[in-house]
Amino acid sequence: MSEKILFVDDEPNVLNAYKRQFRKQFLIITASSGREGLEVIEKEGPFSVVVADMQMPKMDGITFLKKVQQKAPNSVRLMLTGNADQQTAIEAVNEGNVFRFLTKPCPSELLGKTLESALEQNKLIHAREALAENEKKLREANEKLAQANQDLEQLARNDGLTGIYNRRHFDETLQAELHRHARIEQPLSLILADIDFFKLYNDQYGHQGGDDCLKQVAKTINKNFNRAGDMVARYGGEEFAIIVPNLNAELAYNVADRMRQAVESKALPHSQSKVSDVVTLSVGVSTIIPNKTSSPEELIKQADKALYLAKSKGRNNVKCDTE
Ligand code: GH3
Ligand code: MG
Ligand code: MG
């Protein structure tokens, strides 16, 4: 399809001359006033190029082209002017309202060449717009990708039910913390917490009830550990593991017992428990100042032993591996 060009001039002879000159190359539409020109743009736009005479009654060429700029900013605007108005025309170009101006009478070859470069300019505008649109799409796609990666990472690190860290992330962190504490020669503690009589809880309140209970307990435990470096994870089933850096055995016992009390104070009813009428935890704590040969298994085994002791000594209590 040929390019659409709008000529606006108050002299019918001039408009006819333009038509004759360019109708083979372009689709030429004409209007005899600024007002009519704006109507044509509304009905038949968009135009690649709009050419206006400067001196027209009622609405002059500059006012008209400024309106075109607002209405259809992608149309490239040209102005034809008599010698007397050159200064105004130059200002219009400098202010960006008009792409080029030509003096009247304009040799047809020059007008033809100027129309061609205006059409090039119009293509450039469209290409730039398409580029910006593509860049926007690319940016949006990148943002989505980054979000998806972040979600994936979180899925890999977090437990689906409770939202706290999962066993995999716990294993990695414990290994790293052991190395770090061997280097700084500081004690590292591992706390294992297990819900008392949870099988009976499930039997009484159903699996969904059990899941809700696990969520509540996980939240309560997580809130209890908020120092930098503390890490709470779901170790499996109804067991939770907490890595606590830089505390001696006595202080580790204290934070573990504070957690046990926090869960008990939450007062989640557990009618079938044999130690309480609310949900309670048995807790085992192990603390070591690791050396280069210390392994996670060692620390876990010690904490597990302490937890077993807590179970056998009546549940709803905290035991250390030193006992
Ligand atoms: P103890 O006081 O000695 O710890 O007894 P317990 O009943 O808590 O321990 P046991 O290991 O016998 O049972 C644990 C129960 O936890 C059994 C299992 O069905 C339940 N469980 C494990 N994972 C989930 C879970 O994701 N959701 C629910 N609802 N229950 C779970
Ligand atoms: Mg258990
Ligand atoms: Mg249990």
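Both faces of strand S3 are covered: Val 49, Val 51 and Asp 53 are buried on one side, Val 50 and Ala 52 on the other. Here buried means that 20 or more other C-beta atoms, placed from the backbone, lie within 10 Å of the residue's own. The strand spans residues 49-53, and five of its five residues are buried. In a regular strand the side chains alternate between the two faces of the sheet.

This is a predicted model, in which local features need pLDDT of at least 70, side-chain atom pairs count only at pLDDT 80 or more, and totals for chains, interfaces and linings use all residues. Residues are numbered from 1 along each chain as its sequence is written, while chains are lettered from A and ligands numbered from 1 in the order in which they are written.

S3 belongs to an open sheet of five strands, ordered S2-S1-S3-S4-S5, with parallel pairing. The edge strands, S2 (27-31) and S5 (100-103), each pair on one side only. From one strand to the next, the twist averages 20 degrees. Strands (E, at least two residues) and helices (H or I, at least four) are DSSP runs, numbered from the N terminus. Pairing requires at least two DSSP bridges between two strands.

Now follow the pairings. S1 (residues 4-8) runs parallel to S3, joined by four bridges. Phe 7 has Val 51 as its bridge partner in S3. S3 and S4 pair in the parallel sense over five bridges. The chain passes from S3 through helix H3 (residues 61-71) to S4, a right-handed β-α-β crossover. Right-handed means that, with the strands pointing away from the viewer, the path from the first strand over the helix to the second runs clockwise.

S4 (residues 76-81) also pairs with S5, in the parallel sense, over four bridges. There, Leu 78 has Arg 100 of S5 as its bridge partner.

Notes: Axes fitted to C-alpha atoms, helices over the stretch in contact; angles between N-to-C directions. Buried ≥ 20, exposed ≤ 12 C-beta atoms within 10 Å, placed from the backbone.
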